[in-house]
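Dear colleague,

Please find below the structure that I am handing over to you. My notes on it follow directly after.

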Amino acid sequence: MIIRSKPNPFRLFFTLRGSIIQKIYKQILFVALLSAGVAAVQYYRSGFFPTYVTTPFALLGIALSLFLGFRNNASYDRWWEARQQWGQLVVDTRSLARQMNAFMDLESEVNLLTRRRFVLLVIAFVHALRHKLRCTDAWDDIAGYVDAEHHAALAEADNKPEFLLRLMGEKLGYCRREQLLSDFFAQSVDERLTSMTSVLAACERIQNTPLPFAYMLLVQRTTYLYCLMLPFGLVASLGAVTPLVCAVIAYAFFGLDALSEELEEPFRLSTNDLPLMAMSRAIEISLLRAL
């Protein structure tokens, strides 16, 4: 994810980092070349293309813009919900570290060791969740935070974040049985673990439930058909300016389509997706400081 100050109006036209144009320049170039060919034929053979009323193109353009707007809103809702879930994860992890510090008697060496192992499991969960959402290997980031006795079971676990949540639940049960935490404080910590479970479930839902394919297919087909037909409908009235106008319209429609497709999957590694690495490292630093 790119976080930067807004460029001035002049630099705005030449900013490429974070721009969607890198994904759609081929479509824009094709539409511009097609429009240039249609304009050339119209110029050298005047009247080759009949004059069309532009009303159908205007109506179709309005309908297409509405469809693209709806899809873009739906994709942004998924992106924003994912960001809210990770914001909730920040709250839960920091609260867990604070509660373990406040509720446990830290004068005992056993208590200190138990608290440390519990907080390290929380850090491992955050990294495991990031890797699960991005379908990458999590072992190097989480192995150092998990006791060696659990490495074999962790390596075989299909859902590593869920496995780590169960380990934290076992640690919490041990604290309650050994009177390291009172039942009231144990319940408070368990509520945070339940909230982390909800974050995991919500992120899995976002990852595993994309927008309906038929809706995406309808919008993309309509976008391509509209941009390909547009030069033939505008060349009689615009003439040599047709390539420029069609390229700008193609940039707007193809750009909205590509942007909504990028926001639809907020956990990937594109420049406009969520900065999961930065957020997980921030949580890691915060919890290590709490120790």
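Please bear in mind throughout that this is a predicted model.

H2 passes H9 in a right-handed crossing. By class, twelve nonpolar and three polar residues form the contact of H2 with H9, and no charged residue takes part. Helix H2 covers residues 21–44 and helix H9 covers residues 213–238. Their axes lie 9 Å apart, and the two helices pack at an angle of about 25 degrees. Because angles under 35 degrees count as roughly parallel, H2 is roughly parallel to H9. On the H2 side, the contact is made by Gln27, Phe30, Val31, Leu34, Ser35, Val38, Ala39 and Gln42. Their partners in H9 are Tyr224, Cys227, Leu228, Pro231, Phe232, Val235 and Ala236.

I turn next to the nonpolar cores. The largest one has 51 residues, and Trp86 and Phe125 are the members that touch the most others in it. At least two residues of this core come from each of helix H3 (55–103), helix H4 (109–134), helix H7 (160–177), helix H8 (183–208) and helix H11 (276–290). H4 gives the largest share, with twelve residues. Leaving aside residues up to four places away in sequence, Phe125 touches Leu89, Pro161, Leu164, Leu165, Met168, Met196 and Leu200. There is also a second, separate core of 19 residues, and Val219, Cys246, Ala247 and Phe254 are among them.

Two further residues may be of interest to you. The first topic is His127, which is found in helix H4. Is His127 buried or exposed? Its relative accessible area is 1%, and buried means under 20%, so His127 counts as buried. When residues up to four places away in sequence are not counted, His127 touches Asp141, Ile142, Tyr145, Ser280, Arg281 and Glu284.

The other topic is Thr136, which has its place in the loop between H4 and helix H5 (139–142). Thr136 has a relative accessibility of 42% and therefore counts as partly exposed, since that class lies between the 20% limit for buried and the 50% limit for exposed. Along the chain, Thr136 and Glu191 are 55 residues apart, and their C-alpha atoms are separated by 29 Å.

With kind regards

How values were computed: Residues are numbered from 1 along each chain as its sequence is written. This is a predicted model: local features need pLDDT of at least 70, side-chain atom pairs count only at pLDDT 80 or more; totals for chains, interfaces and linings use all residues. Side-chain values use heavy atoms; hydrogens and water are left out. Axes are lines fitted to C-alpha atoms, for helices over the stretch in contact, and angles run from 0 to 180 degrees between N-to-C directions. Helices (H or I, at least four residues) and strands (E, at least two) are DSSP runs, numbered from the N terminus. Angles under 35 degrees count as roughly parallel, over 145 as roughly antiparallel, 65 to 115 as roughly perpendicular and the rest as oblique. A crossing is left-handed if the near helix is turned anticlockwise from the far one by less than a right angle, and right-handed if clockwise. Contact means heavy atoms within 4.5 Å. Ala, Val, Leu, Ile, Met, Phe, Trp, Tyr, Cys and Pro count as nonpolar, Asp, Glu, Lys and Arg as charged, and the others, Gly among them, as polar. A nonpolar core is a set of buried Ala, Val, Leu, Ile, Met, Phe, Trp, Tyr and Cys residues joined through side-chain atoms within 4.5 Å. Buried means under 20% relative accessible area, exposed over 50%, partly exposed in between (1.4 Å probe, protein chains only).
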